[in-house]
Amino acid sequence: MFLFLIVHVYGYGYTIMDGPVEQIIWCGVANESFVLTAKGTIYKNYQLEQKKFTDKLENFTVMEILQSPANNSVLFIIGDHKTSFYTVNCGKNYTQINHDRGFYDFKLNHMNQSQMIAFKDVKCNTSLPLCKEKYKKELYYSEDYGASWTLALQRVRDADWDKLLESPLIPDTRIIVAHLLQNESVVVCYSDDFFRSNKTIRMNSHGYYQTNEYLFALIDADAQSKGYDLEVTKAYQFNLTEVVLPVEDHQKYTFTVLDTVDGSIFVSVSHLEEFPKVTNIYKSDQDGNNYALSLMNNVRSLDSGRCDFEPLINGAYIANVFDQEEYEKMKTRRTSKNFEAQQKLDKYKQTRITFDRGGEWHPIKSPKYDFRGQPIGCGGDCSLNLLGRSEAFRNSIVTRNHLVIGTGSTGVYINDQFNTYLSRDGGHTWFEILEGLYVYEIGGDTGVIVFVVDEEKATQLLYTWDEGLTFKALKLNVTLDISSIVFSGDRFLIYGIQDAKQLLEIDDITQSSLRGVMLNVNIRDIAVRECKGYDEPGDDDSDYEYWSPTNYAGERCIYGQRLKQIRRKRNAACFNAQKYQFQSIETCPCTQEDWECDVGYYRNIENKCVAMKEQKKIHCSGTYMKSQGYRKVTGDKCVGGIDLGPISTKCSEDDMITDKNVDRKQNDVKVEQPQDVDIINWFQEEKKGGIKYGYLIVGLIMLLGAIYLKKKLLGQR
């Protein structure tokens with residue numbers, strides 16, 4: 001049982017804004033705040049900044065604030081028509097710029113603060129045969145903070161600066177684009193000189209997506225499949241290969257790249273067009289190839305496309321899935337009422353966690369006690385289930401180092417008896433700390449966590465310095481409907497919408513009458529003593545202790561290493577000024593936990609990797625390396641111990657390649673290939689001449705002879 005205590009402290013000031021908060025930017029080394037409201041008004045450090053623009057341009061409305069990735073003191077204030085402003089010193093002064101009033105979706109160069117690109121739509125009509133609805137954009141660029149603009153490319157679908165601009169191998173001006181050619185072919189290409197020249201990455205691609213390691217291209221599915229296919233390449237190489245999945249399902253309708261770590265890719269794929277909210281998660285090897293099934297029936301939002309998949313610390317992930325049995329029932333009831341069937345499926349969501357990068361997934365162990373210290377009766381199939389970003393973005397999982405906070409319930413499935421939960425060991429052990437729904441934020445590594453109740457009449461802010469053992473409250477002096485909490489530097493910004501009942505005294509309850517509320521809470525205002533004893537973790541007088549991450553079974557070897565980290569003790573209510581870092585203690589021998597299912601295998605109910613289908617015979621001579629159904633987890637450093645990798649296996653008599661059956665076996669393989677591949681191979685071989693050309697001559701002679709004999713026989717009749 002842990003102590004739960006709320007101590008009320010002094011009230012806190014707030015700022016009323018002309019509309020709900022749309023955007024928050026932290027500018028420069030001083031961490032100055034710029035806030036944009038839904039009415040297009042800017043506040044700087046909680047004071048009205050808009051007058052600096054309206055003095056120069058009456059009725060100026062701000063659409064967006066952009067911060068330069070090359071210099072965080074440079075901001076672009078994008079206006080609603082043909083005028084914008086920029087500052088290079090966080091608003092000490094502004095420079096006005098003019099541009100086409102149709103420009104939108106401005107994107108700033110990561111390496112050069114004065115360079116940017118923007119789009120402009122072209123209205124399609126019958127006089128423009130090449131104008132397609134998806135390719136109606138024009139791409140413009142500027143090299144002087146937007147003072148002048150030049151047309152770079154027409155018929156564009158999407159474009160962005162290369163995400164690898166920071167690499168010395170990539171020119172600072174490289175732009176990747178998907179657009180339509182004059183011959184109506186679609187192409188993904190890149191240019192280093194604003195499209196005075198360009199190089200093709202992929203013809204006939206609908207678009208691309210780039211991470212810091214890979215580039216993905218979306219293409220049409222082949223003739224035997226439905227939907228789309230996905231190709232991938234290392235971001236430096238532009239050598240695209242198809243993402244081949246280990247299932248005989250020729251339907252792929254959505255792809256969502258969830259994460260890339262140590263070269264391995266997690267991708268979510270929906271296989272049924274009528275059920276796009278149900279996906280499978282596949283994981284590649286360290287080179288982005290050889291995809292194996294990691295998790296079935298992952299939950300995906302139909303509105304935002306977000307998947308319930310959250311990275312934690314050190315290769316752990318949390319994901320939500322639909323119950324397999326209920327999903328199979330829904331598939332057998334495919335009718336015109338699919339929408340109702342999918343709504344019913346929402347009642348059967350469960351949460352799973354992995355501590356080995358998707359090798360094994362498990363239910364989350366329920367807390368032993370509730371927030372009052374009373375035992376929670378949760379046995380059998382009962383577990384802790386947490387809300388994901390697909391349905392509760394502001395109540396979804398928040399993580400920082402070893403701390404994880406989430407909203408959910410205990411039971412077989414997620415239910416509406418929501419409470420707030422905390423883990424201090426990367427998701428292994430959980431505590432129920434508050435009753436009900438809250439919005440929360442972790443204050444970096446400082447040790448403080450802030451909570452505001454998620455309801456229309458929030459009047460106080462709760463904070464804890466001991467990870468939920470005790471809470472203190474700040475009176476807000478205003479009621480609000482909380483939107484979010486953000487932390488930067490040494491401050492929390494809490495913002496939302498002013499209570500509707502208060503608005504009755506001001507105006508009618510309409511969208512235009514909504515007022516934004518923002519509170520600025522500095523850590524110094526809720527400060528506690530600074531932690532001590534960092535160099536002596538574990539001592540009675542130290543506020544710190546050693547912690548080693550574990551897998552689901554509680555074993556301390558993770559990815560072949562035993563790690564330790566210094567962390568603050570839970571009951572030490574103090575301010576941490578140290579940075580948490582892992583230290584490697586020793587390398588471990590390999591165990592079952594160091595192996596995940598190989599391509600073409602899945603983990604069954606007995607937690608063993610078994611073949612998804614009958615494995616194809618291997619055509620070989622002598623011996624070959626046969627999979628045992630496992631491969632080592634990406635990044636795993638274990639040595640010795642259990643070896644579940646491929647083993648040398650003697651070829652069976654049927655698979656042996658000999659001089660007698662070599663031609664037969666080669667022909668068998670060719671028959672299994674798609675017809676268009678055979679045609680391509682035929683033309684390639686024809687150019688080589690030799691024995692293939694000889695066979696062709698003989699075949700023609702035999703064909704002419706057969707025709708001659710047929711005519712002769714018909715003549716005799």
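What does the chain average in pLDDT, and what percentage of the residues score at least 70? The chain averages a pLDDT of 84, and 84% of the residues score at least 70, where pLDDT is the predictor's confidence in each residue, from 0 to 100. This is a predicted model, in which local features need pLDDT of at least 70 and side-chain atom pairs count only at pLDDT 80 or more, while totals for chains, interfaces and linings use all residues. Residues are numbered from 1 along each chain as its sequence is written, and side-chain values use heavy atoms, with hydrogens and water left out.

**View B. The disulfide of Cys27 and Cys90.** A disulfide is a pair of cysteine sulfur atoms within 2.5 Å, and by this rule the count comes to six disulfides. In one of them, the sulfur atoms of Cys27 and Cys90 are 2.1 Å apart, and the link is left-handed, with -90° about the S-S bond. The pair links distant parts of the chain, 63 residues apart, with Cys27 in strand S3 (residues 21–27) and Cys90 in the loop between strand S9 (83–87) and strand S10 (95–98). Cys27 and Cys90 are buried, a word that stands for under 20% relative accessible area, with exposed meaning over 50% and partly exposed in between (1.4 Å probe, protein chains only).

View C. The sulfur atoms of Cys557 and Cys588 are 1.9 Å apart in a disulfide, which is left-handed with -80° about the S-S bond. Cys557 lies in strand S43 (residues 557–558) and Cys588 in the loop between strand S45 (582–587) and strand S46 (595–597), so that the pair links distant parts of the chain, 31 residues apart. Cys557 counts as partly exposed because its relative accessibility is 32%, whereas Cys588, at 4%, counts as buried. Cys597 and Cys609 also form a disulfide, with their sulfur atoms 2.0 Å apart, and this link is left-handed with -90° about the S-S bond. Here Cys597 in strand S46 is joined to Cys609 in strand S48 (residues 609–611), 12 residues apart, and both cysteines are buried.

**View D. The surroundings of Thr41.** Thr41 is found in the loop between strand S4 (32–37) and strand S5 (42–44), and counts as buried because its relative accessibility is 10%. The side chain of Thr41 makes a polar contact with the side chain of Asp18 at 2.7 Å; a polar contact is a pair of N or O atoms within 3.5 Å, where within protein one must be able to donate a hydrogen and the other to accept it, and residues adjacent in sequence count only if both atoms are side-chain atoms. Not counting residues up to four places away in sequence, Thr41 touches Asp18, Val35, Leu36, Leu48 and Gln50.

View E. Six of the six residues of strand S28 (residues 317–322) are buried, so the strand is largely enclosed by the rest of the structure. In a regular strand the side chains alternate between the two faces of the sheet. Both faces of S28 are covered, with Tyr317, Ala319 and Val321 buried on one side and Ile318, Asn320 and Phe322 buried on the other. Two strands pair if DSSP finds at least two bridges between them. Strand S27 (residues 309–311) is joined to S28 by three bridges and runs antiparallel to S28, and Pro311 has Tyr317 as its bridge partner in S28. S27 and S28 form a hairpin with five residues between them, and Asn314 in the turn has a positive phi of about 60°. Six bridges join S28 to strand S29 (residues 349–354), again in an antiparallel arrangement, and the bridge partner of Asn320 in S29 is Thr351.

How values were computed: Helices (H or I, at least four residues) and strands (E, at least two) are DSSP runs, numbered from the N terminus. Contact means heavy atoms within 4.5 Å.
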